[in-house]
Amino acid sequence: MTSTIRTRWSPQPNEATPQSRRAIRTAATVAAGALALSLTACGGSDNNSTGNTGETEETTNSVNLPKLDGTSLEVAAVWTGTEQANFKKVLQEFENRTGAKVTFVPAQDPIINFIGSKVAGGQPPDIAMLPQPGAIKQAVDKGWAKPLGSDAVKELSENYSQGWQDIGKVGGKPYGVYYKAANKSLIWYNNQVFENAGASEPETWPDLLGTAQTVFDSGVTPFSIGAAEGWTLTDWFENVYLSQAGPEKYDQLAKHEIKWTDPSVKDALTTLAQVWGKPDWIAGGANGALQTDFPASVTQVFTGGDQPKAAMVAAGDFAQVNIPKSMKIGTDAKVFPFPAVGDNGPVVSGGDAAVILEDSKGSQALATWLASPDAATIQAKLGGYLSPNKSVPNSAYPNAVQQKIAKALIDAGDDFRFDMSDQAPQAFGGTPGKGEWKILQDFLKNPKNIAGTQAKLEAEAAAAYGN
């Protein structure tokens, strides 16, 4: 996520807003501007470092953990590839410090369904990494999730802003440790393509359309979209909607207090169609995009020399793990904030929270570990990761671009907005082939069908929210 980490915290349904909206909006504007300046200043001789590939580096021992010799634990997450490998290094250090044995359990999306099947079979993992506040609430409502103990809560209170603590709560009780954050308001681009085309980084949506045309005229397709995974499309929508409709409307739509047939949704879909409605601007056209997963959508921007399959990809800071090591972050692979559609640029964040499903001394200790700066610092050094833990030293991040993104997130404090689809019930906002994901995939294929898309979104949302 580029220079814009203007992320805003959005309360869970029925949860009181901790600050006045005016105060939040003011803070968002300040944070956004600071981030835009800081990332613009990122030059780029930094290597696309992924940190250590061997043993875990020495880390500061700032957290007290019990001895757990003979204890076996399971942690479930949907992470794959480099992301999974890096997280396993964090678990390895926990094993080194406690004597416990921790097994990573690969989960399928949506993870809440995967967890449900494990609970039904009497074998839930000890901890699950849940990517949506709505999933945490669902796990609590079903009686699967267990509250965090005093040690984990102490780590949270010392290391996290109130906003990040609050989105892990249900009914005022802390259940989730947000171990991983994401800035989802970024567009990564191939700098060589931009230089060859004479294109510049856009600041507004009209600028983005102009940049895309310039790139297209140079002979390179402007955009790569990993539409095989529906969440990439919800990220596009949320960035456009937040900037164009504003934060109050965003909150209302996130809670289904306004309908998806609202004119503000029509405006956002109409804006999206200015890109999605031009198949020549999308690598492989709509059909090709729908067969492209997220990692491939990033990789194809940064392979192929000066004639890659596309010049740009809208993707979070975590896209770095999919950029080839031959491309230097900040020099060959650059990033800019998702352009402003309305008065202000968008500010969308996401994250993954550790939630205890099997309460024990071991699982509580692991949750405490994941809330500590020691754990997050290990993965920060490996790259492609962003922590909301304010005690992680900024120098832990492996390149200047990542350091700017991380600093902006921490400096924003409570001033962030959480991914809208992640706040929705899983059936609507987080299930492959269903709900918002499927409907936006269909819209990508037929971006003229704005009214029909709105009607489908509203019908699915009403069923999922129960109103």
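Helices here are DSSP runs of H or I with at least four residues, and strands are runs of E with at least two. With that in hand, let's look at the structure above. Keep in mind that this is a predicted model.

Start with the overall count. The protein has 20 helices and 12 strands. The chain runs to 467 residues, and 58% of them are buried. The exposed surface comes to about 17,100 Å². Carbon and sulfur atoms supply 47% of that area.

Next, the contacts. Take those between residues at least 6 apart in sequence. Of these, 79% join residues at least 24 apart.

How far can we trust the model? The average pLDDT is 87, and 87% of the residues score at least 70. But look at residues 1-57: there the pLDDT is below 50. In the model, this stretch still has 166 contacts beyond near neighbours in sequence. A word of caution: where pLDDT is low, the predicted coordinates should not be read in detail.

Now zoom in on one pair of helices. H9 covers residues 231-245, and H10 covers residues 247-254. Their axes lie 6 Å apart, and the packing angle is about 130°. Why call H9 oblique to H10? Angles over 145 degrees count as roughly antiparallel and 65 to 115 as roughly perpendicular. The angle here is about 130°, so H9 is oblique to H10.

Which residues meet? From H9 come Phe237, Glu238, Tyr241, Leu242 and Ala245. From H10 come Pro247, Lys249, Tyr250 and Leu253. By class, this contact has seven nonpolar residues, two charged and no polar ones.

Technical notes:
Residues numbered from 1 in each chain as written. Predicted model: local features only at pLDDT ≥ 70, side-chain atom pairs only at ≥ 80, totals over all residues. Heavy atoms only, no water. Buried < 20%, exposed > 50% of the residue type's maximum accessible area, 1.4 Å probe, protein only. Contact = heavy atoms within 4.5 Å. Areas by Shrake-Rupley, 256 points an atom, 1.4 Å probe, with all protein chains shown as cover. pLDDT = per-residue confidence, 0-100. Axes fitted to C-alpha atoms, helices over the stretch in contact; angles between N-to-C directions. Parallel < 35°, antiparallel > 145°, perpendicular 65-115°, else oblique. Nonpolar A, V, L, I, M, F, W, Y, C, P; charged D, E, K, R; others polar.
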